[in-house]
Amino acid sequence: MSTKDASSLSSTLRVIPPTADSEAAKRLANERRLSLRLRLGTLLHCTLDLADLIQQFGREIEREVGGAGSLFQPTDSADPMHYGQSGRHRVSYKLEYDNLPLGLLECSRDKRFSERELERLEMMIGCLIPALRNAQRYQTALQSAVLDPMTGLGNRAGLNRAVDREIALARRHRHAAALLVIDIDHFKQINDRYGHSAGDAVLLEVANTLRVICRGSDALFRFGGEEFVALLPQTDAHGAAVIAERIRIAIAEMTTQYQEQMIQVTTSIGVAPLVKDDALQSWFDRADRALYQAKQSGRDQVVMADRKNLAEVILR
């Protein structure tokens, strides 16, 4: 389905007998269309990265139609993908594959599109749709591989990838980073007293609280069981301690309603700022040891790795 913005066609049609020249022109046009289809088919199936695919397709539109910018809005995402500059005149298409909606593609430029340009554009979109479906399937598979199915936070595999990437970025750009390991206190007692469904409700409520308290740039993971991890980019020891304390207070004030029960929990949190020689395992181990100290010291508290006094860090 499409909405077109093009000049009106004349109501007077002229029938011109075919000539050798016109037949040759048709053959040449068909050959060009076939060549474009083959080139697009090869190019667009060389990537499964959705953003890269839209960028490549945008470049091809700009090349074939001339000066057109493009925007793709996936059906299952709030974030549109842009290429080039938008213009006053727009043409939009709802893309589907086997009756499955993929998203909305919009092309625009300051000059109106001719009918011939629209035909070429629609032919190009026909080449895009199968590649787009493949890229979206691949993206869904990747997300499933790194997400915890219960809470929607990252899982352990996602944590490993994110931590490796953050260590590389922190070293390259010489910025700070910190890791929080968060554990729900006495979680087994909740399962034993109220049942595992109640425990699941508490896990979901804790995950939602973490989303609210943490910043958009922070990455959140369920490490396993009742343990969560927060990766804080560009955050020093002071900033990490402040965020950890906010999390501890917010969860202590949180109430989970399960059937007729009102369940309250506390958390213990270990904080580890990234240090010079840290790798993934050593960084996590330092935060985990700090968490163990918080547990041993009475729970419902935050402990900084390397035995730093938390109050001094926050007040520094």
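# Questions on the predicted model

Visitor: In which helix is the place of Glu60?
Guide: Residues are numbered from 1 along each chain as its sequence is written, and side-chain values use heavy atoms, with hydrogens and water left out. Helices (H or I, at least four residues) and strands (E, at least two) are DSSP runs, numbered from the N terminus. Glu60 falls within residues 50-66, the run that forms helix H2.

Visitor: Is Glu60 buried or exposed, and at what relative accessible area?
Guide: Buried means under 20% relative accessible area, exposed over 50%, and partly exposed in between, with a 1.4 Å probe and protein chains only. Glu60 counts as buried, because its relative accessible area is 8%.

Visitor: Which residues are in contact with Glu60, leaving aside its neighbours within four places in sequence?
Guide: Contact means heavy atoms within 4.5 Å. With the neighbours within four places set aside, the contacts of Glu60 are Arg39, Leu40, Leu43 and Met124.

Visitor: Where is Gly67 found, and which residues does Gly67 touch beyond four places in sequence?
Guide: Gly67 is found in the loop between H2 and strand S2 (69-74), and at a relative accessible area of 52% it is exposed. Its C-alpha atom is separated by 8.4 Å from that of Asp110, 43 residues apart along the chain. Not counting residues up to four places away in sequence, Gly67 touches Glu62, Ser108 and Arg109.

Visitor: How many residues apart in sequence are the parts that the pair Glu106 and Arg90 ties together?
Guide: Side chains of opposite charge can pair when their charged atoms come close. In a salt bridge, a side-chain nitrogen of Lys or Arg is within 4 Å of a carboxyl oxygen of Asp or Glu, and Glu106 and Arg90 meet in one at 3.3 Å, N to O. Glu106 lies in strand S5 (residues 100-109) and Arg90 in strand S4 (residues 89-97), so the separation of the parts they tie together is 16 residues.

Visitor: Are Glu117 and Arg109 buried or exposed, and what is the N to O distance of their salt bridge?
Guide: Both Glu117 and Arg109 are buried. Their side chains meet in a salt bridge with an N to O distance of 2.4 Å.

Visitor: How many disulfides does a search of the whole structure find?
Guide: A disulfide is a pair of cysteine sulfur atoms within 2.5 Å. Cys46 is exposed, with a relative accessible area of 61%, whereas Cys107 is buried at 0%. The number of disulfides found in the whole structure is zero.

Visitor: What is the phi of Gln259, which is not a glycine?
Guide: Gln259 lies in the loop between strand S9 (256-258) and strand S10 (261-263). Gln259 is exposed, at 63% relative accessibility. Although it is not a glycine, Gln259 has a positive phi of about 55°.

Visitor: What accessible area do Leu48, Tyr138 and Leu142 have together?
Guide: Patches are made of residues with over 30% relative accessible area and no salt bridge, like charges being joined within 9 Å and nonpolar side chains (Val, Leu, Ile, Met, Phe, Trp, Tyr) within 5 Å. Accessible areas come from the Shrake-Rupley method with a 1.4 Å probe, and for residues only the protein chains shown count as cover. Leu142, found in helix H3 (residues 115-146), is partly exposed at 34%. Leu48, Tyr138 and Leu142 form a nonpolar surface patch whose accessible area is about 250 Å².

Visitor: What is the mean pLDDT of the protein?
Guide: pLDDT stays under 50 over residues 1-16 and over residues 309-316. In the protein, 88% of residues reach 70 or more, and the mean pLDDT is 86.

Conventions: Predicted model: local features only at pLDDT ≥ 70, side-chain atom pairs only at ≥ 80, totals over all residues. pLDDT = per-residue confidence, 0-100.
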